Amino acid sequence: MSREQSKDQDLRADRRKRTAVTQEPLGVAVVGAGYWGPNLVRNFQASERFRLRWLCDLDVDRAQRVLGGYSTVQATADYAAVLADPDVAAVAVATPAGTHLDIALAALRAGKHVLVEKPLAATYADGMRLVAEAEERGLTLMCDHTYCYTPAVGHIRDLVRSGELGEIHFVDSVRINLGLVQKDIDVLWDLAPHDLSILDFILPDHVEPVAVAAHGADPIGAGQACVAYLTLTLNTGAIAHVHVNWLSPTKVRTTMVGGAKRTLVWDDLNPLQRVAVYDRGVDLASPQEIGADERRDMLISYRSGDMVAPAIGEKEALRSMVDEFGDAIRERRAPLTDGRAGLRVLDILEAASRSLEFKGAVVGLRAGR
């Protein structure tokens, strides 16, 4: 074997070695064993991309109950010990929004990739600090906008961005149920992040909200809005509307996306037909296409075509989200719902809160996606 052949062989072996190392499961710690933490624990444990090493919570007994009696994962209340572990490459934060800044910032400064449940932070300014820190250090910062990883929303994104629906004319989203009235946040901050993150996810890159007006009511005296309506103005002149409600006796989760060509309806509570695409709508003829005497009556015509319900598989959204987190880290790319996606949602929420204070006044958003 020549010296050059030997050198090439050594280089190929080195590349295989590096590839094998990068494909090893990433050590991850979950912070928070309350409502959402156990779901993250279950999915990280099931993922081939990660090895769960720690569950950190101020209540160690609760963390141990989540892990079970036979788990090799360590339960602790010592967050510093978690961050000092060199085998931990990533941290998933599932704590109240008011704690996100301190916990996530400490992880980033310790060189860890970070996943944060929604919302990214309690304020836009806090979220911006996290995004800047992650970008400066070259680390992955991802927001857990779980609904964006459902097969239905992924299919909707493809339909919208492919142009199959045509230019978007309106989006209407309803998320209502007899829900748990929160003590520290209103219904906007509790429920609307789901709908706003979906809107941000499915819209084409050249379409974005530029202003919001919000109306809310507290008919039961809870101290914050229990029913709210958001109206978003898009830069194309289209409109998006979100209705969230803690007081509805029935549960409704529907989204309608109306385009120039077709209209899509997503019913998240209908497993037999989650998405339906209607070839029905309004067509506007140009004046050049019709005679002068007919223009007044024939500018608008109605189209009534077929309805198609595409077959969409079922897969747990949280599993897809965890996989995307791992892939983004390995491939050194921004995840689909990165920190800046979380920032855009925070921008709308803060503007909506200001609009509520001023009885529905239109409030402008920060420009740029």
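Student: Which residues of S1 lie on one side, and which on the other?
Tutor: In a regular strand the side chains alternate between the two faces of the sheet. Strands (E, at least two residues) and helices (H or I, at least four) are DSSP runs, numbered from the N terminus. Buried means under 20% relative accessible area, exposed over 50%, and partly exposed in between (1.4 Å probe, protein chains only). Both faces of S1 are covered by buried residues: on one side Leu-26, Val-28 and Val-30, and on the other Gly-27, Ala-29 and Val-31.

Student: How many residues of strand S1 are buried?
Tutor: This is a predicted model, in which local features need pLDDT of at least 70 and side-chain atom pairs count only at pLDDT 80 or more, while totals for chains, interfaces and linings use all residues. Residues are numbered from 1 along each chain as its sequence is written, and side-chain values use heavy atoms, leaving out hydrogens and water. Strand S1 covers residues 26-31 and is largely enclosed by the rest of the structure, because the number of its residues that are buried is 6 of the 6.

Student: Which helix makes a β-α-β unit with S1 and S2?
Tutor: A crossover is right-handed if, with the strands pointing away from the viewer, the path from the first strand over the helix to the second runs clockwise. The unit made with S1 and S2 is right-handed, and its helix, residues 37-46, is H2.

Student: Which residues touch the most other members of the largest nonpolar core?
Tutor: A nonpolar core is a set of buried Ala, Val, Leu, Ile, Met, Phe, Trp, Tyr and Cys residues joined through side-chain atoms within 4.5 Å. The largest such core has 101 residues, and helix H8 (residues 187-202) supplies its largest share, 10 residues. Beyond its neighbours within four places in sequence, Leu-40 has contacts (heavy atoms within 4.5 Å) that include Val-30, Ala-92 and Leu-318. The members touching the most others are Leu-40 and Phe-44.

Student: What is the angle between the planes of Phe-44 and Phe-50?
Tutor: Rings of Phe, Tyr and Trp (its six-membered ring) pair if their centres lie within 6.5 Å; planes under 30 degrees apart count as stacked, over 60 as edge-to-face and the rest as tilted. By this rule there are 5 aromatic pairs. Phe-44 and Phe-50 form an edge-to-face pair, 4.9 Å from centre to centre, with an angle between the planes of 80 degrees.

Student: Over the ring of which residue does the charged end of Arg-175 sit?
Tutor: A charge sits over a ring if NZ of Lys or CZ of Arg is within 6 Å of the ring centre and within 35 degrees of the ring normal. Arg-157 lies in this way over the face of Phe-201, 4.4 Å from the ring centre. For Arg-175, the distance to the ring centre is 4.6 Å, and the ring is that of Tyr-147.

Student: Which residue is joined to Pro-119 by a cis peptide bond?
Tutor: Pro-119 is in the loop between strand S5 (113-117) and helix H6 (124-137). The cis bond has an omega of about -10 degrees, and the residue joined to Pro-119 is Lys-118.
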